[in-house]
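Welcome! Please load the model in your viewer, keep the sequence panel open, and let us walk through it together.

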Amino acid sequence: MVRVEVAKWGQTVDDLRQAALHAPHPRTRERFQALYLIAQGHFNATTCATHLGRHDETVLGWVHRYNAQGPDALAYRKSGGRAPFLTTTRRDRSRRRSRTPRRRPTACPATAGR
């Protein structure tokens, strides 16, 4: 059975609860919520994963990461992914038009030059 080592990092179970309530990102809140439920004794890692809708290995990874590296290791960090196709920032916009307007066709192209 895997245990959450809160004393190792100078924290209490209530500190995990506060971190779960006040974390800036939803994924970080979910991770601390899982640790709080496991540390409080309501769930083990497997039943907590089922309760949260996550895989067992995911929740076990959170516990092992917390035990090895501390609470800062659970903060969500964007790890990559494809860059957005279109970005809209003010400095990227040009003030002039991208194309020059086309001339309107005349009624009779054969007599247009006369």
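**Before you click**

This is a predicted model, in which local features need pLDDT of at least 70 and side-chain atom pairs count only at pLDDT 80 or more, while totals for chains, interfaces and linings use all residues. Residues are numbered from 1 along each chain as its sequence is written, and side-chain values use heavy atoms, with hydrogens and water left out.

**Stop 1: the whole protein**

Start with a cartoon view.

Next, colour by accessibility. Of the 114 residues in the protein, 24% are buried. Buried means under 20% relative accessible area, exposed means over 50%, and partly exposed lies in between, with a 1.4 Å probe and protein chains only.

Now think about contacts, meaning heavy atoms within 4.5 Å. Among contacts between residues at least 6 apart in sequence, 56% join residues at least 24 apart.

**Stop 2**

Two packed helices are described by the angle between their axes and the distance between the axes. Axes here are lines fitted to C-alpha atoms, for helices over the stretch in contact, and angles run from 0 to 180 degrees between N-to-C directions.

Select helix H1 (13–22) and helix H2 (26–40). Their axes come within 8 Å and cross at roughly 155°, so H1 and H2 are roughly antiparallel to each other. The cut-offs are these: angles under 35 degrees count as roughly parallel, over 145 as roughly antiparallel, 65 to 115 as roughly perpendicular, and the rest as oblique.

H1 passes H2 in a left-handed crossing. A crossing is left-handed if the near helix is turned anticlockwise from the far one by less than a right angle, and right-handed if clockwise.

Show side chains where the two meet. Val-13, Leu-16, Arg-17, Ala-19, Ala-20 and Leu-21 in H1 face Arg-29, Phe-32, Gln-33, Leu-35, Tyr-36, Ala-39 and Gln-40 in H2 as contact partners. By class, this contact of H1 with H2 has 9 nonpolar, 2 polar and 2 charged residues. Here Ala, Val, Leu, Ile, Met, Phe, Trp, Tyr, Cys and Pro count as nonpolar, Asp, Glu, Lys and Arg as charged, and the others, Gly among them, as polar.

**Stop 2: H2 and H3**

On H2, pick Glu-30, Gln-33, Ala-34, Leu-37 and Ile-38; on H3, pick Ala-45, Cys-48, His-51 and Leu-52, and you have the contact. It divides into 6 nonpolar, 2 polar and 1 charged residues.

Zoom in on His-51, which has its place in helix H3. Not counting residues up to four places away in sequence, His-51 touches Leu-37 and Phe-43.

**Stop 3: H3 and H4**

Ala-45, Thr-46, Ala-49 and Leu-52 of H3 make the contact with Asp-56, Val-59, Leu-60 and Trp-62 of H4.

**Stop 4: the core**

A nonpolar core is a set of buried Ala, Val, Leu, Ile, Met, Phe, Trp, Tyr and Cys residues joined through side-chain atoms within 4.5 Å. Which residues touch the most other members of the largest nonpolar core? Among its 19 residues, select Val-4, Leu-16, Leu-35, Ile-38, Val-59 and Tyr-66. H1, H2, H3 and H4 are the elements that give two or more residues to this core, and the largest share, 6 residues, comes from H2.

**Stop 5: buried or exposed?**

Finish with two single residues. Thr-28 lies in helix H2 and counts as buried because its relative accessibility is 6%. Gly-10 lies in the segment before H1 and is exposed, with a relative accessible area of 65%.

Definitions and conventions:
Helix = DSSP H or I, 4+ residues; strand = E, 2+ residues; numbered from the N terminus.
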